[in-house]
Amino acid sequence: MASNFWRVSLGVGAMAALWMSGVAAAEDASTRQAELVKRGEYVARTADCVACHTTDHDKPFAGGLPMGLPMGNIYSTNITPDKDTGIGSYTLEEFKRVLREGVTPDRGNLYPAMPYPSYTKMTDDEIEALYAYFMHGVQPIHQENKAPDFYWPLTIRWPLKIWNWMFLDEGAYQPKAGQSDEWNRGAYLVQGPAHCGTCHTPRGLAMQERAYDETGDEYLAGADIASWHAFNITSDINSGIGGWSADELVQYLKDGNVRGKGQAGGQMGEAVEHSFSHMTDADLHAIAVYMKTVPAVNDGDTRPRYSYGAPGDDFLRLRAQPVAQDAASDRGARVYLENCAACHGPSGQGSPDGYYPSMFHNSVIGTDYHNNLINVVLDGVKRKTPGNDVLMPAFRDELSDEDIAALANYLSQQFGRGDMNVTPKSVKALRND
Ligand code: HEC
Ligand code: HEC
Ligand code: HEC
């Protein structure tokens, strides 16, 4: 009896212990899985996958965003784990191949509008975490992909293999000997997941970026992207951002606003909102450390964009002068006084806390590229970050093309380098873009 009792209870005890260890193992595995998914979510932030793969914010990653190619638009695809319309049946290897080579399991080669020439540098570790996130951390959404706006034979994708052969430098980032871990992390982020060159590096005839790292010419030397200009962000003191401190660069990426330097509008504002402002301070600092070493490219500028201008005093004269007596040359100043001065100050000095930026020492005004300034006036600025909520109203319905042209030329003369030369026609083109 007694021995039986012991045998049974020992057996039960062993089974219980076994069961407990099974539970613990399963718990371990699910904790590990949850950690991987969380890490993948962070990687997706650094790579800003949401930027191109989301059109409706209630349907994250369901795709459908048009992207212009010379022959017409293509559309970003559904990358939720939906099995029919998304990437739910991708294996890890297939997912890796999309990021490294731009090749999908069933559609063949992708256009490099998907920045795989940058993502190719992502490490296996980060791609695995990203995969776990897309498979287990993203809601599946059933939404069919849109076909391109152009037709056969332009839809044939095999020529993209030749593109890859000519331009794709495939493979994970290799840390540079002799550089610090921080520099290498920064280089990795800038060249790989954060793909700064997609917007900031000028492109060649086949839409390839002229350089994919600091060893090539014109790397990050400035490029047009849709109707915006992504400035030269090399370390050149005058044409680039050589005069920005590392802390200022961190602040720009985190908040989108650095007093006396510039603010992030357009696609940069979106990248700050969705990607950079969610990155750790350590990662942002690593980016800044690397950016300070990107070889300088000078475009003939003799002073930095942010260095131009001083407070103006037109408001004193115009305040005392009835509008009917305005000279034609007063138009821009008048438009400024009536529409902008309430926030940016009558002398263009901005608000004391810098929330409303100054018009002088502002990179969007101290340049001869007028697109960014006009886009800001037409559409305003809207940017939400964990630390800040920024809103400038749009003036597209309040101001005519003539008003905006006069305003931009006034801002350029009063607060910039004086050579914007905007015509109503160029405002109209941007308005209709
Ligand atoms: C700059 C825009 C852009 C960004 C950023 C971007 N993608 Fe894409 N992606 C595209 C476009 C455009 C396509 C479709 C290209 C085509 O049809 O040739 C695409 C296609 C894909 C596909 C292929 C889906 C299929 O089976 O057809 C996957 C997977 C994908 N992207 C994943 C990602 C992931 C993961 C990220 C973030 C690491 C990301 N993308 C970031 C633009 C982007
Ligand atoms: C999706 C496109 C895009 C990406 C990706 C992007 N940028 Fe930008 N960037 C822009 C545009 C457009 C502007 C101009 C913004 C404006 O004028 O309001 C800009 C402006 C800037 C400026 C301000 C320059 C000045 O003189 O005012 C800095 C600094 C900058 N970007 C750094 C970076 C870094 C570093 C990365 C990568 C971590 C990056 N950007 C990624 C589009 C982009
Ligand atoms: C209601 C307040 C308000 C008014 C009115 C206003 N702005 Fe702004 N403006 C802002 C805010 C807020 C920002 C964003 C600051 C930031 O990015 O952190 C901004 C940003 C800017 C920038 C920098 C944008 C960039 O991307 O670099 C310029 C240039 C500018 N405004 C010009 C104007 C002009 C010209 C007018 C008049 C037509 C005007 N603003 C009217 C509030 C205002």
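Author: Six donors count as octahedral if opposite donors are over 155 degrees apart and all others between 65 and 115. Donors are N, O and S atoms within 2.8 Å of the metal (3.2 Å for Na, K and Ca), and water is not among the atoms, so sites may look incomplete. The model is predicted: local features need pLDDT of at least 70, side-chain atom pairs need 80 or more, and totals for chains, interfaces and linings use all residues. Residues are numbered from 1 along each chain, chains are lettered from A and ligands numbered from 1 in the order written, and side-chain values use heavy atoms, without hydrogens and water.

The iron atom of ligand 3 is coordinated by H344 through NE2 and by M392 through SD, at 2.0 to 2.2 Å. Its six donor atoms subtend angles of 87 to 179 degrees, so the arrangement is octahedral. H344 lies in helix 14 (residues 341–344) and M392 in strand 10 (residues 388–392), 48 residues apart; helices (H or I, at least four residues) and strands (E, at least two) are DSSP runs numbered from the N terminus. H344 has 11% relative accessibility and therefore counts as buried, which means under 20% relative accessible area with a 1.4 Å probe, protein chains only.

The chain is divided into domain 1 (29–172), domain 2 (175–304) and domain 3 (308–432), with bounds from an automatic or database domain assignment. The contact between domain 2 and domain 3 takes 22 residues from domain 2 and 25 residues from domain 3, where contact is heavy atoms within 4.5 Å.

How values were computed
Tetrahedral: all angles 85-135°; square planar, octahedral: opposite > 155°, others 65-115°. Buried < 20%, exposed > 50% of the residue type's maximum accessible area, 1.4 Å probe, protein only.
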